[in-house]
Amino acid sequence: MLEPGSVVPARLLTPVTPTESIADGAAVPVPDPERLVHLQFRRFAGCPVCHLHLRSVVRRHAEIEAAGIREIVLFHSSAEELRPHTADFPFAVIADPAQRLYREFGVESSPRSLLDPRAWGPVLWAIARSAVEVARGRERLPAPRQPGGRLGLPADLLIGPDGRVLAAKYGEHVYDQWSVDELLRLAAAARNSVGARGTPA
């Protein structure tokens with residue numbers, strides 16, 4: 001796990017689909033020299049719980065961008081699996097089927113992802129919501145077999161332009177992640193802290 005203050009090595013990540021701000025085939029930098037990066041580690045393509053959370057990010061994406069944050073979301077599925085599930089997402093979605101970045105950033109899998117009682121309500125709501133959307137033809141069911149498993153835990157990292165981890169959350173269950181409001185508060189606090197010091201140390 002990365003702690004606040006850790007430094008993330010620079011890299012380029014290629015999204016599975018283009019967005020308004022990302023051309024087809026263009027890579028996104030981590031860290032981003034001009035913005036904060038919110039790096040989200042989710043589970044597999046079509047995961048109902050992941051999509052329940054990400055729909056809140058989609059709805060408020062303009063607000064997130066206005067706060068100077070670039071959203072980047074990773075799944076441990078292939079690009080082919082992800083494209084039908086994430087084509088309308090306005091932010092970068094990264095395929096990491098070999099879970100190379102998950103291991104590098106210390107993102108784990110555990111039976112507690114689903115066995116923790118705090119996860120049961122969101123799981124049931126996510127499945128019900130997904131069933132309705134699939135019936136309406138707006139979403140697709142996930143593949144029955146998931147090579148990366150179904151027990152992944154979420155993780156959120158806020159990374160500054162200098163590569164420093166400003167805040168991190170490693171979920172204790174499948175729906176344990178920052179809300180959009182929490183993300184915006186953390187970003188504002190990070191910017192205030194940097195402003196008070198002048199430049200990041």
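**Stop one: charged pairs**

Begin by selecting Asp88 and Arg55, whose side chains meet in a salt bridge with an N to O distance of 3.1 Å. Asp88 lies in the loop between α3 (79–86) and β5 (92–95) and Arg55 in helix α1 (residues 48–59), so this pair ties together parts that are 33 residues apart in sequence. A salt bridge here is a side-chain nitrogen of Lys or Arg within 4 Å of a carboxyl oxygen of Asp or Glu. Helices (H or I, at least four residues) and strands (E, at least two) are DSSP runs, numbered from the N terminus.

The model is predicted: local features need pLDDT of at least 70 and side-chain atom pairs count only at pLDDT 80 or more, while totals for chains, interfaces and linings use all residues. Residues are numbered from 1 along each chain as its sequence is written, and side-chain values use heavy atoms, with hydrogens and water left out.

Is Arg55 buried or exposed? Arg55 is buried, with a relative accessible area of 17%, whereas Asp88 is partly exposed at 48%. Buried means under 20% relative accessible area, exposed means over 50%, and partly exposed lies in between (1.4 Å probe, protein chains only).

Next, select Arg118 and Glu172, which form a salt bridge of 2.9 Å, N to O. Arg118 lies in helix α6 (residues 117–135) and Glu172 in the loop between β7 (165–170) and α7 (180–197), so the pair ties together parts that are 54 residues apart in sequence. Arg118 is partly exposed, with 49% relative accessibility, and Glu172 is also partly exposed, with 42%.

Then select Lys169 and Asp176, a salt bridge whose closest N and O atoms are 3.0 Å apart. Lys169 is partly exposed at 23% relative accessibility, while Asp176 is buried at 14%.

**Stop two: the nonpolar cores**

Which residues have the most contacts inside the largest nonpolar core? Select Leu54, Ile64, Ile69, Phe75, Phe91, Val93 and Leu158, which hold that place in a core of 31 residues. A nonpolar core is a set of buried Ala, Val, Leu, Ile, Met, Phe, Trp, Tyr and Cys residues joined through side-chain atoms within 4.5 Å. At least two residues of this core come from each of α1, β4 (69–75), α3, α6 and α7.

Centre the view on Ile69: leaving aside residues up to four places away in sequence, Ile69 touches Leu36, His38, Ile64, Leu183, Leu184 and Ala187. Contact means heavy atoms within 4.5 Å. A second, separate core has 22 residues, including Leu13, Ile22, Leu39 and Val107.

**Stop three: Val123**

Return to helix α6 and select Val123, which is buried at 17% relative accessibility. Val123 touches Val49, Leu114 and Val174, not counting residues up to four places away in sequence.

**Stop four: backbone details**

Most residues other than glycine have a negative phi, and most peptide bonds are trans. Select Val30 and Pro31, which are joined by a cis peptide bond with omega about 0 degrees. Pro31 is found in the loop between β2 (28–30) and β3 (36–41). Finally, select Gln99 in the loop between β5 and α4 (100–104); its phi is positive, near 60 degrees.
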